[in-house]
Amino acid sequence: MAGQTSIFSNAVVADTSPLVALSAAGRLDLLPAIWPAVVVPPAVHSELTIRPGEWVAARSIRQSLGREPWLTLSPVVDLRVLPLPALPKLGRGEVEVIALAKSMGLQAMIDDYEARLFAQECGVPVVGTLGVLALARQRGLLSKVEPIIQAMCAAGIYYGPALVENFLKQLGER
């Protein structure tokens, strides 16, 4: 519960898209440099393993699960912590990420706009893939984020051009 001390007190709960985007750019290493633990709920694990050919970038995430101490699979997610009747039409992975983050008092790593809004309505702090890059730059882990965004886009990850341009301006890369 929020406020309780746990092994995940300095952790983030990850949705599929940020994991795939960072993996596609070859920068999963940024996650354990920012958070000692990245928690993956069962539905996200399923998304990463059920259609392995769909996301080639998911391969390194699947290989890291169980091998890397910083990447942890959560065994159970209690959805009762969320206002289910008010749930927007989100994917199972996004719902589990928000529920797990809420129940553990953690931040959720989600890119989907509707899911981010719902998480914030539930009192769950949210960071997206671009936010991870900004944190990495702020902590001196990256000197520039633009090459990573270009690598993600080259791998088929889509970010709106205006979003990227504004983000790079905010970071002083434009």
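The largest pocket in this predicted model holds about 180 Å³ of space. A pocket here is an open set of points on a 1 Å grid over the protein atoms alone, with protein on both sides within 12 Å along at least five of seven lines, and lining residues have an atom within 4 Å of a point. Its volume is the space filled by probe spheres set on the points, which are joined across faces, edges and corners. The lining consists of Ile110, Asp111, Arg116, Gly128, Thr129, Leu130, Gly131, Tyr159 and Leu163. Helix α7 (residues 129-138) gives the most to this lining, with 3 residues. By type, the lining residues are 4 nonpolar, 3 polar and 2 charged; Tyr counts as nonpolar and Gly as polar.

Residues are numbered from 1 along each chain as its sequence is written. In this predicted model local features need pLDDT of at least 70 and side-chain atom pairs count only at pLDDT 80 or more, while totals for chains, interfaces and linings use all residues, and side-chain values use heavy atoms, with hydrogens and water left out.

Next comes the sheet. Helices (H or I, at least four residues) and strands (E, at least two) are DSSP runs, numbered from the N terminus, and two strands pair if DSSP finds at least two bridges between them. The open sheet has 5 strands in the order β3-β2-β1-β4-β5, with parallel pairing. Strands β3 and β5 (126-127) stand at the edges with a single partner strand each, so one side of each has no neighbour in the sheet.

Strand β2 (residues 37-40) has both faces covered: Ala37 and Val39 are buried on one side, Val38 and Val40 on the other. Buried means under 20% relative accessible area, exposed over 50%, and partly exposed in between (1.4 Å probe, protein chains only). In a regular strand the side chains alternate between the two faces of the sheet. Strand β1 (residues 11-14) is joined to β2 by 3 bridges, and Val13 stands opposite Val39. Another 3 bridges join β2 to strand β3 (residues 71-73), where Leu71 stands opposite Val38. Strand β4 (residues 107-109) is joined to β5 by 2 bridges, with Ala108 opposite Val126.

Ser103 sits in helix α5 (residues 92-104). Ser103 is buried, with a relative accessible area of 15%. A polar atom of its side chain lies 3.1 Å from the backbone oxygen of Leu100.

Finally, the cysteines. The count of disulfides (pairs of cysteine sulfur atoms within 2.5 Å) is 0. Cys122 is buried at 8% relative accessible area, whereas Cys153 is partly exposed at 34%.

Definitions and conventions. 1 Å grid on protein atoms, 1.4 Å probe; cavity = no way out; pocket = protein on both sides within 12 Å on 5 of 7 lines; lining within 4 Å. Polar contact = N/O pair within 3.5 Å; in protein donor to acceptor, adjacent residues only side chain to side chain.
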